[in-house]
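Below is a short briefing on one protein chain. Keep the structure in view while reading the points that follow it.

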Amino acid sequence: MAFVAGYVLLLIAFGVLPTCYAIYFAFTNASGSFTGISNFVTTAQDFRFADSLSHVALYLVFWLLSLVVFVVVLALLLHRLSSGPLSQALRFLYYIPGALAGAASVLVWLFMLDPTVSPVSSLLETLGFHTFGEVIAPGNLALLFTIIAFWTGAGGWIVVMYGALNNIPKDIMEAARIDGANGWQTAWRVQIPMLRKWIVYMVILAFAGGAQLFVEPQLLSSPARAWPAATTRSTS
């Protein structure tokens, strides 16, 4: 009981109470009077609501598909390298971006996405982006947020999947080799099916985190608002 007491107190202080407070605000107005679902109706009628919902949904589709495909593929490739020095180095490199907080990762990508200072400016210009404003145009945001989220969060999941692959019984892998299965067949018919519960677990947590998208748009919106003003001053 004493072992979990600290966690329970923090959970109540920073989880349960703020949730209850938010629920109270959701059903009351500024004066504290109960308003039923009128706040939700007002929000749904806002002209920005449908676009915001569709943008987040598109981002979630990109994010979850890229996570499932690339994390599983990279984990399988990492597992094929066995436990040599290269495998250990790659696991370390995969995990480094996850050590950065969401705000820090966005600041890194603000630098990477500005064609005037980016080390990949030639690639951006080849793709037709010559200014920062063109890169972060609304039509590109779902893909940009997916890239940022993948760079930040995929490394930890690759390590998790790598650990799950190591837990597959060796006799099953040996039986597949004896039956003549090549690397692709072993991955598709043995390893991926045995990773199914881990993949589902990853998708659930990634969906919960992705649906709370806030830091990335908030930070990107600041330079996006400043860019037109700076352009106007430079051309006047």
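The accessible surface of the protein chain comes to about 15400 Å², and 71% of that surface belongs to carbon and sulfur atoms. Accessible areas come from the Shrake-Rupley method with a 1.4 Å probe, and for residues only the protein chains shown count as cover. This is a predicted model, in which local features need pLDDT of at least 70, side-chain atom pairs count only at pLDDT 80 or more, and totals for chains, interfaces and linings use all residues. Residues are numbered from 1 along each chain as its sequence is written, and side-chain values use heavy atoms, with hydrogens and water left out.

**Overall make-up**

- The protein chain has 12 helices and zero strands; helices (H or I, at least four residues) and strands (E, at least two) are DSSP runs, numbered from the N terminus.
- Of the 236 residues of the protein chain, 25% count as buried; buried means under 20% relative accessible area, exposed over 50%, and partly exposed in between (1.4 Å probe, protein chains only).
- Among contacts (heavy atoms within 4.5 Å) between residues at least 6 apart in sequence, 65% join residues at least 24 apart.

**Surface patch**

- A nonpolar patch on the surface is formed by Met 1, Phe 3, Val 4, Tyr 7, Val 8, Leu 11, Ile 12, Val 16 and Leu 17, with about 990 Å² of accessible area together.
- Patches are made of residues with over 30% relative accessible area and no salt bridge; like charges are joined within 9 Å, and nonpolar side chains (Val, Leu, Ile, Met, Phe, Trp, Tyr) within 5 Å.
- Val 16 lies in helix α1 (residues 2-26) and is partly exposed, at 39% relative accessibility.

**Salt bridges**

- The count comes to two salt bridges, each a side-chain nitrogen of Lys or Arg within 4 Å of a carboxyl oxygen of Asp or Glu.
- One of them joins the side chains of Arg 48 and Asp 46 (2.9 Å, N to O); Arg 48 has a relative accessible area of 49%, and Asp 46 has 27% relative accessibility.
- Arg 177 forms a salt bridge with Glu 174, with the closest N and O atoms 2.8 Å apart.
- Arg 177 and Glu 174 are three residues apart in helix α9 (residues 170-178), so about one helical turn separates them.

**Nonpolar cores**

- The largest nonpolar core holds 29 residues, of which Tyr 59, Trp 63, Leu 67, Val 71, Met 161 and Met 202 touch the most other members.
- Elements that give two or more residues to this core are α3 (49-80), α8 (141-166), α9, α10 (183-194) and α11 (196-210).
- A second, separate core of nine residues includes Trp 109, Leu 110, Leu 113 and Val 135.
- A nonpolar core is a set of buried Ala, Val, Leu, Ile, Met, Phe, Trp, Tyr and Cys residues joined through side-chain atoms within 4.5 Å.

**Aromatic pairs**

- The whole structure has nine aromatic pairs; rings of Phe, Tyr and Trp (its six-membered ring) pair if their centres lie within 6.5 Å, and planes under 30 degrees apart count as stacked, over 60 as edge-to-face and the rest as tilted.
- Phe 27 and Phe 40 form a tilted pair, 5.3 Å centre to centre with 55° between the planes.
- Phe 27 lies in the loop between α1 and α2 (38-45) and Phe 40 in helix α2, so the pair ties together parts that are 13 residues apart in sequence.
- The ring centres of Trp 198 and Tyr 201 are 6.4 Å apart and the planes are at 85°, so this pair is edge-to-face.
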